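Student: Could we go through this model together, setting each label against its definition?

Tutor: Gladly; have a look at it first.

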Amino acid sequence: MTGWIDGPVVGFDTETTGVDTGSDRVVTAAVVRREGGEQAVSTWLLDPGVEIPEAASAIHGVTTAHARAHGRPAGPALDEVAQILAAALLRDEPVVAFNASFDLTLLDAELRRYALPTLAERIGRPVRVVLDPLVLDRHVDRYRRGKRTLGDLRAHYRVTSDAALHTADVDVAATLDVLRAMTAVYPGLGSTSLDRLHDLQVVAHRRWATSFNAWRASQGLDGPGAELDWPVRPTPTALVAV
């Protein structure tokens, strides 16, 4: 197999205090750059500056006490993460993230919280190219029933690993493995240009979100539903105060 999948790819993931991209905080982050058989892993443990809810700690294993004792100040650590991702994007290396609009939007909000330049500001253009196995899977297999968590996709695409998910660096590795497996099942993904794949995902995510929100409305469900924007959602500035 040849194409972009055999070139450099940069995986990114966070573990957080919760699921609100405007008010929750990054607790751990990982960036994994792969090229050929080589891999470079960078990880961060942050003191988010707020209490980590027990429900979040139960998922990723980091307690408030541990983060305060061993975590780095959030601002400088987030700046490092953003510098690495921005450098990759400026080298035209795709950033790969599962449910990318969550992690990239949360990172964007966190950077603004600490008065740091966002990814878009660092690279001088909208954030691209991003590859999201979740969005791609919904596109290539729209009508498959069942959940599509990272664990589900790892099983569906027969990616074997003994490592437990919900640690940022493990999740990044699993995401990159799933993406490679997807290009084997759907060779058209690997032969499509990165720019075209990015644009395809923008459309595919909006189509999915619109359909999902229509289903929610038909069920009488309350709440905001899925955001239409991908890979970075707009976040009201009022939500990112320190």
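Student: Which residue takes a positive phi in the hairpin of β2 and β3?

Tutor: G36 does, with phi near 60 degrees, in a hairpin that has two residues between the strands. This is a predicted model, in which local features need pLDDT of at least 70, side-chain atom pairs count only at pLDDT 80 or more, and totals for chains, interfaces and linings use all residues. Residues are numbered from 1 along each chain as its sequence is written, and side-chain values use heavy atoms, with hydrogens and water left out.

Student: What makes β2 and β3 a pair?

Tutor: Two strands (E runs in DSSP of at least two residues, numbered from the N terminus) pair if DSSP finds at least two bridges between them. Eight bridges join β2 to β3 (residues 38–47), and the two run antiparallel, with E35 opposite E38 in β3; β2 therefore meets the definition of pairing with β3. Strand β1 (residues 9–16) also pairs with β2 in the antiparallel sense, over eight bridges, and there D13 stands opposite A30.

Student: Why is strand β2 called largely enclosed by the rest of the structure?

Tutor: Buried means under 20% relative accessible area, with a 1.4 Å probe and protein chains only. Eight of the 10 residues of β2 (residues 26–35) are buried, so the strand is largely enclosed by the rest of the structure.

Definitions and conventions: Buried means under 20% relative accessible area, exposed over 50%, partly exposed in between (1.4 Å probe, protein chains only). Helices (H or I, at least four residues) and strands (E, at least two) are DSSP runs, numbered from the N terminus.
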